[in-house]
Amino acid sequence: MTHSYLDEFQPPQRLLLGPGPSTVHPRVLRAMTLPVLGHLDPRFFEVMDDVCEMLREVFHTTNFMTLPLSSTGTGAMEAACANVLEPGDTAIVCRNGYFGGRLADIAQRYGAATTVLDFPWGKPVDPQVLSDEIKKHPRVKMVGVVHAETSTGVLTPLKEIIDLAHRHDALVIVDAVTSLGSHEVQADAWDIDVCYSASQKCLGSPPGLAPISMGPRAMDVLHARKTRVRSFYFDLKDLESYWSQTRAYHHTTPISMTYALRESLRMMMEEGIQNRIKRHARVASALRAGLEAMGLGLLADPEFRLNPLTTVLVPEGIDDAVVRRQLSDNHNLELGGGLGDLRGKVWRIGLMGEGAREANVFTVLSALEQALSRMDCEVAIGASLAAAQRALVEFDG
Ligand SMILES: Cc1ncc(COP(=O)(O)O)c(C=O)c1O
């Protein structure tokens with residue numbers, strides 16, 4: 001079929017079961033078709049206030065500085081580093097996957113002498129190793145950690161790491177891009193200094209906005225800066241002036257995306273955050289049971305597995321990309337491949353936000369059974385579906 005820019009674009013109806021973006025509910029898509037208001041229209045200010053209020057609920061925070069940045073998750077990583085760090089500062093970034101590496105890269109670019117603390121991909125960050133490292137540096141300004149490593153499917157428990165960093169007077173930047181909206185993220189109770197996420201994973205919107213929240217310790221650091229924030233676009237003090245009562249123009253906010261985020265957060269409020277977390281845990285347990293029944297190995301240890309994203313080891317002799325192409329061509333289904341060191345070695349299956357539904361578990365298991373069988377990989381047809389059913393019944397008690 002030839003493609004011309006004169007044709008109306010008709011995307012295929014893909015089932016997005018990769019690492020994000022996740023499938024967007026029609027209610028959220030509908031919100032994006034509402035008339036565009038000006039970014040200084042008082043009626044749009046109502047939308048902004050609603051979004052900030054709901055984001056505070058989702059982050060479990062009273063932080064005044066809680067707003068959606070006009071960017072994807074990477075922009076939030078930039079904003080976190082740009083506002084907290086100044087040239088000459090010292091940072092330690094824990095790297096147990098691809099995104100820890102990105103955070104370290106960004107911290108370096110904003111002028112911090114950055115130590116990258118490595119942990120095996122597939123394992124969580126070990127607080128003891130961080131404790132040994134932090135003692136080697138006289139004044140660490142920032143410790144960076146990825147709560148949910150989307151590249152490995154690992155969830156790192158945060159409380160011990162945060163308390164440790166605070167004992168050494170360091171701020172903690174937490175990447176909650178894949179955990180917000182699917183796992184517990186308690187910005188205030190855990191005393192997180194800077195926490196950010198992205199709209200397109202477990203929050204249920206398209207890509208384009210990145211919620212960020214800054215606690216009092218980080219705000220003090222921001223107000224005490226000796227140098228200007230190096231990024232105009234991500235200067236949080238200026239952004240706060242627009243998002244709070246001053247309403248001073250900073251840049252033209254993506255209006256339709258803000259409608260979308262409002263609607264997806266409203267859906268989360270209707271469902272209840274705890275119910276949503278439970279829904280992610282429930283479907284993840286069924287998916288894992290099904291994959292294991294198919295004879296596939298999982299990368300992450302059971303204790304630290306991420307619910308919205310499961311990393312599956314590609315069986316010996318199977319070409320990861322060929323299977324993913326089959327799933328796309330025959331089932332209109334998108335899975336993720338491995339990033340960095342895990343390229344070609346894992347599939348990443350996301351059950352995120354609206355995608356975290358029982359029906360999707362059976363769709364992906366059935367499609368994988370078929371694809372692997374066609375490639376002469378020994379698979380007991382139907383076994384994964386039965387195991388997933390059992391896991392669901394067990395989960396429901
Ligand atoms: C843990 C984590 N951090 C940061 C990012 C970067 O976000 P984005 O791709 O939206 O810029 C991602 C994206 O997958 C992620 O999974």
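Which residues of H2 are buried? The points below take up this question and then turn to other parts of the model.

1. Basis of the note. This is a predicted model, in which local features need pLDDT of at least 70 and side-chain atom pairs count only at pLDDT 80 or more, while totals for chains, interfaces and linings use all residues. Residues are numbered from 1 along each chain as its sequence is written, and side-chain values use heavy atoms, with hydrogens and water left out.

2. Helices (H or I, at least four residues) and strands (E, at least two) are DSSP runs, numbered from the N terminus. Helix H2 covers residues 42–59, and its 18 residues reach 26 Å from the first C-alpha to the last, close to the 26 Å expected at 1.5 Å a residue, where the expected span is 1.5 Å times one less than the number of residues. Its buried residues (under 20% relative accessible area, whereas exposed means over 50% and partly exposed lies in between, with a 1.4 Å probe and protein chains only) are Phe 44, Phe 45, Val 47, Met 48, Val 51, Cys 52, Met 54, Leu 55, Val 58 and Phe 59.

3. Surroundings and ends of H2. At the start of H2, a side-chain oxygen of Asp 41 comes to within 2.8 Å of the backbone nitrogen of Arg 43, and H2 is followed by His 60, which has a positive phi near 55 degrees.

4. Asp 193. This residue sits in the loop between strand E8 (171–175) and E9, and it counts as buried because its relative accessibility is 1%. The side chain of Asp 193 reaches the backbone nitrogen of Val 172 at 2.8 Å. Apart from neighbours within four places in sequence, Asp 193 is in contact (heavy atoms within 4.5 Å) with residues including His 166, Ala 170, Leu 171, Ser 213 and Arg 217.

5. Backbone points to inspect. A cis peptide bond, with omega about 5 degrees, joins Gly 20 and Pro 21, and Pro 21 is placed in the loop between strand E1 (15–16) and helix H1 (26–31). Asp 169, in the loop between H6 and E8, has a positive phi near 60 degrees although it is not glycine, and it is exposed, with a relative accessible area of 69%. Arg 247, in the loop between H8 and H9, likewise is a residue other than glycine with a positive phi, near 55 degrees, but Arg 247 is buried at 12%.

6. Two helix pairs. Two packed helices are described by the angle between their axes and the distance between the axes. Helix H5 (residues 127–134) and helix H6 (residues 159–167) pack at about 10 degrees with their axes 10 Å apart, the axes being lines fitted to C-alpha atoms over the stretch in contact and the angles running from 0 to 180 degrees between N-to-C directions. H5 and H6 are therefore roughly parallel (under 35 degrees; over 145 is roughly antiparallel, 65 to 115 roughly perpendicular and the rest oblique). Their contact involves Pro 127, Leu 130, Ser 131 and Ile 134 of H5 with Glu 160, Ile 161, Leu 164 and Ala 165 of H6. The axes of H10 and helix H12 (residues 358–374) come within 9 Å and cross at roughly 15 degrees, which makes H10 roughly parallel to H12.

Technical notes: Polar contact = N/O pair within 3.5 Å; in protein donor to acceptor, adjacent residues only side chain to side chain.
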